[in-house]
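Here's a quick briefing to read alongside the model. Have the sequence and the 3D view open, and we'll go through it topic by topic.

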There are 2 protein chains.
Amino acid sequence: MPLRLSTLFLRTLKEDPVGAEVASHKLLHRGGYIRRQAPGIYAWLPLGLIVLRKIEAIVREEMAAAGAQEVHFPALLPAEPYQASNRWEDYGDNIFRLQDRKGADYLLAPTHEEVFTLLVKDLYSSYKDLPLSIYQIQTKYRDEARPRAGLLRGREFIMKDAYSFDIDDAGLAASYEKQRAAYIRIFERLGLEYVIVQATSGAMGGSKSEEFLHPTEVGEDTFVRSAGGYAANVEAVTTVAPEPIPFDGQPAAHVEDTPDTPTIETLVAAANEKHPREDRQWTAADTLKNVVCTVVHADGEREVVVIGLPGDREVDLDRAAGTGVLSAGEHDLVAATEEDLAKHPGLVRGYIGPGLSLDAPVLGKDGSTGLRYFLDPRVVPGTRWITGANEPGRHVFDLVAGRDFTADGYIEAAEVRAGDPAPDGSGPLELARGIELGHVFQLGRRYAEALGLTVLDQNGKSQVVTMGSYGIGVTRIMAAIAERFHDDKGLIWPQALAPADVHIVATGKGDEAFQAAESLTAALEERGLSVLVDDRPKVSPGVKFGDAELLGVPTIAVIGRGLAEGRIELRDRTTGASEEVPVDEAAARIAEAVAAKLAG
Amino acid sequence: MPLRLSTLFLRTLKEDPVGAEVASHKLLHRGGYIRRQAPGIYAWLPLGLIVLRKIEAIVREEMAAAGAQEVHFPALLPAEPYQASNRWEDYGDNIFRLQDRKGADYLLAPTHEEVFTLLVKDLYSSYKDLPLSIYQIQTKYRDEARPRAGLLRGREFIMKDAYSFDIDDAGLAASYEKQRAAYIRIFERLGLEYVIVQATSGAMGGSKSEEFLHPTEVGEDTFVRSAGGYAANVEAVTTVAPEPIPFDGQPAAHVEDTPDTPTIETLVAAANEKHPREDRQWTAADTLKNVVCTVVHADGEREVVVIGLPGDREVDLDRAAGTGVLSAGEHDLVAATEEDLAKHPGLVRGYIGPGLSLDAPVLGKDGSTGLRYFLDPRVVPGTRWITGANEPGRHVFDLVAGRDFTADGYIEAAEVRAGDPAPDGSGPLELARGIELGHVFQLGRRYAEALGLTVLDQNGKSQVVTMGSYGIGVTRIMAAIAERFHDDKGLIWPQALAPADVHIVATGKGDEAFQAAESLTAALEERGLSVLVDDRPKVSPGVKFGDAELLGVPTIAVIGRGLAEGRIELRDRTTGASEEVPVDEAAARIAEAVAAKLAG
């Protein structure tokens, strides 16, 4: 049966939704594909649901081809397994929590590692049962702080999440590779460009992970790439540290009055004027900025720490949290509050420094403040700095790392900038933005250990299973497709995802065009094509054309003025091309066009 | 691709789940179709998901045939629309409530009347847009007090819920009839017996409603039916009141000491001994039992009321709540607590009565207690009763309704019993139990009024839309199917719902049987049949046969001993019949058998 605009539950809109910033949000709303119910929570209207199901079908086919078996878990889950894995705590405000009538704790699951692990534990017991890959296409929940951009960052959304179970690392690597290859096939079938970037694991835990990003300016994720093929999420970029510099011949540290230097810029200017370097000008990169941050521990305890980095760079807390200071039981890294600072009067605001010599450290576990001190990897031994002298209005000059001060460790706390070298030596990095479409993780044994998933190996010995986790944002893919395929008039669906194969527009006052539209519909359906027919009486051709362009079915057949001469106009929404074809050839020509588009 | 037991994520179990009472719960668990995650919350394993999707597909086809369009709403919804309809209050503890990180109230929707209403309000504005029927197949939540029986009463479950929108009552009646007819087709396709019973509307509101019940002893719903075709949920049964009796010639009321009559039985015995009736023996049905109940109002206020009914019947609070005492703003009817009773010292426990004459009423708004008093419809004017005299150890005899006492109204508060007359005169009622598979409601204008859904009529006048609501429990259907189609060895799926068309069991030590199983699998798949093949090496034939019977695929092909003579055994799981067929005819014979079963 065709979709008929005369009865279809659809009203296109001229107005963008309030606050909408990105094209996918505007066009999916205006085209009647989705409707907002609450921040980040959407209802699916008939056309939206058709497109969504087509994406799901492609994902399902590729999962089956990769040997993954489909299951389906509840969204509402008891807290216990997530408490056992620590994620109940780790997710903080980012999950929806609730209690049932008996006061038992539940959550709306953001992902399902724990319960998949427990299900495998329930069913399997031997290495012979492995490898196993199981997946679901299921509704997930995250209480995002800033749900935005329609389907791009929702609070209720659909994910395909797959989990692999193996007896050893080689098995995990093979299972991971199968899912990774399936993702590549999925994005290729969808016609959606992607970049595979190295990533950190965040709250998921685990070792190796990669993200599939669709590069676009409206993406929320920043990533880097080099001409030589390196690509990574900024959180995963490791800094290329310079070679250490000998201490020999470097001047001794000396404290100087530095009045009226409230910024790094004024400090550098004053330094060049009053305490010039012998070899070149001081720059902001020669100042050592010491930033006070707070580690929030799982038990709520707030630990103030100090991070030293070159003054020309800002701290990137996400990078810092992802790659360094946080270990197990350390929950989050945040900017220090006034209250945090007030507890440490030894910190002289604006003039914090590590101390003047190794004998009298101020920062670090052994320093007078007792606060842990971390350094950017660029602060290698022998580098020479201007930094705070821990006295108001004074800085220390020519303080040499390793000679005059040390730290408790290095940390990836500095922002990544365009032009920074790629860690693999493949050239300077460029920054880009992308939509995270998928994320694959080698989780390792974290969840299996926490939840006791073991199997007996060939020798009858109990072994902890090693796991992978593989997610694709199904609803987010739809947004990415809409971002990638649209123009200023509306959506332009790829043939494989379009809500119909053909959009027939009947215009004119008599019945002829409508009757011809019915005949063409029947002829197309006989050929196995799906049809959306605009059979609305008393709607102007202009409105119908506008709706056809907004809705974005890739082939539009216009039945109107030319009909008297036996012709129908075919419009290609993708190329904008248009041609007139004889009525009796129209079905065959359209079927050819659709087949050609499907063949890519 | 066939399902292969060598790799399928499935382990059959010998043990029933703890506390399981009904066959569907036991067998779906033991057969590896579902696994419990929390009370009333289940995960779907591969075979369970296949069966579930087949049920959904049938429902979807019949919805499309009935002209309903598919949409999909979130499960997580803001509280406001449910507050506007009063259901946020009305559902009490039966819904899951939660708050987001900003403290905004949300619920996990039990049904979606409110948001469907708002969506139609958002899109439509004219009578020309109507009628409209839209539906979804979606995950619903209810925080049941006693989740039980596996999928029969879950807290997370899948429903098809449809909603119709019409401009007038005739339109609503037509939309209702279409959904009702679709339900009949669905249950006939599923091969599931059903009874359509008159029902009350409960928290849904509205006027007419009917339930589709599958009659079975394990059902939770009690319904009645007569040989003459009447059928109703017990809550919807109206009592056939006897004709009033003239007061003339009836004896005057008189109070008597009735020591040692703690029960109705002892009271009746004492009455017959010491104060005999002139015409016949007193029976329990001649005593007027006055039961104290509490109406809980929406604002939490507890109002004590008294219900008078014949002493041979128990109060049925659900019937009372559904058909009488509760009007808008009256939230629930419950048994009175000690605390409630303590507030009304005028009530003499065990001896409560309406008072001795119309001049000195005790119960009723005008009585000395001031408590509202409701009567069972059998207490018609002229009926003559023994009841409490509001003094310890004393009863009043020959108290005549209408002559000596009245009430504030009648109420359907008494239990329905087998043998009671059907309200339509179609004979005595029998009681039966059933599983509620579906429920159709003519909601009328309640939701449209509460949420402001109006359209302009032919005259440009604003009209409130009238609505229907139509639910089918998809997961519960699966349980009902399993209840209906099983034996003591396992499940016996109807062909249309089976997880595979054929279950091939390969037995024997050599490779021959396994190779023959592969060939037969390929031949069957070529014919478009789906195959589950038991290709597990080193598993005994007995275990394989047991699993095949437990899993319940309707046709089982055994490849084993007979193979040497070129024969395969076909077992019909439904009839138990078995026959040997030549190997090279097996595929054709199986295809015939499957087609015959599908044709019914």
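Predicted model: local features only at pLDDT ≥ 70, side-chain atom pairs only at ≥ 80, totals over all residues.

In chain B, B:N86 sits in the loop between α3 (80-84) and α4 (87-90); helices here are DSSP runs of H or I with at least four residues, strands are E runs of at least two, and both are numbered from the N terminus. Phi of B:N86 is near 75°, a positive value in a residue other than glycine. As for bookkeeping, residues are numbered from 1 along each chain as its sequence is written, chains are lettered from A and ligands numbered from 1 in the order in which they are written, and side-chain values use heavy atoms, with hydrogens and water left out.

- For background, most residues other than glycine have a negative phi, and most peptide bonds are trans.
- A:L130 and A:P131 are joined by a cis peptide bond, with omega about 0°, and A:P131 is in the loop between α5 and β8 (132-141) of chain A.
- Chain B has a cis peptide bond between B:L130 and B:P131, again with omega about 0°; B:P131 belongs to the loop between α5 (113-123) and β8 (132-141) of chain B.

**A three-stranded sheet in chain A**

- The strand order is β5-β7-β6 in an open, antiparallel sheet of 3 strands, where pairing takes at least two DSSP bridges between two strands.
- β5 (76-78) and β6 (96-99) of chain A are the edge strands with a single partner each, so one side of each has no neighbour in the sheet.
- From one strand to the next, the twist averages 35°; axes are lines fitted to C-alpha atoms (for helices, over the stretch in contact), and angles between N-to-C directions run from 0 to 180 degrees.
- β5(A) and β7 (residues 105-108) of chain A run antiparallel and are joined by 3 bridges, with A:L77 partnered by A:L107 in β7(A).

**A six-stranded sheet in chain B**

- Here 6 strands make an open sheet of mixed pairing, in the order β1-β29-β28-β30-β31-β32.
- β1 (3-4) and β32 (578-582) of chain B are at the edges with a single partner strand each, so one side of each lacks a neighbour in the sheet.
- Helix α12 (residues 512-526) of chain B packs on this sheet, touching β1, β28 (502-506), β29 (531-534), β30 and β31 of chain B, and its direction makes about 165° with that of β28(B); contact means heavy atoms within 4.5 Å.
- β30 (residues 555-559) and β31 (residues 567-572) of chain B pair antiparallel over 4 bridges, and B:V558 stands opposite B:E569 in β31(B).

**Where chain A meets chain B**

- On the A side 55 residues are in contact with 56 residues of chain B.
- About 4,600 Å² is buried between the two chains, 60% of that from carbon and sulfur atoms; buried area is the accessible area (1.4 Å probe) that two parts lose on being put together, summed over both.
- In chain A, A:F9, A:R101 and A:L123 lose the most area to chain B, together 17% of what that side buries.
- The interface has 6 salt bridges, a salt bridge being a Lys or Arg side-chain nitrogen within 4 Å of an Asp or Glu carboxyl oxygen.
- B:R35 forms a salt bridge with A:D122, the closest N and O atoms being 2.9 Å apart.

**Salt bridges overall**

- Over all chains, the search of the whole structure finds 100 salt bridges.
- One of them pairs A:R87 with A:E114, whose closest N and O atoms are 2.7 Å apart.
- A:R87 is in helix α4 (residues 87-90) and A:E114 in helix α5 (residues 113-123) of chain A, so this pair ties together parts 27 residues apart in sequence.
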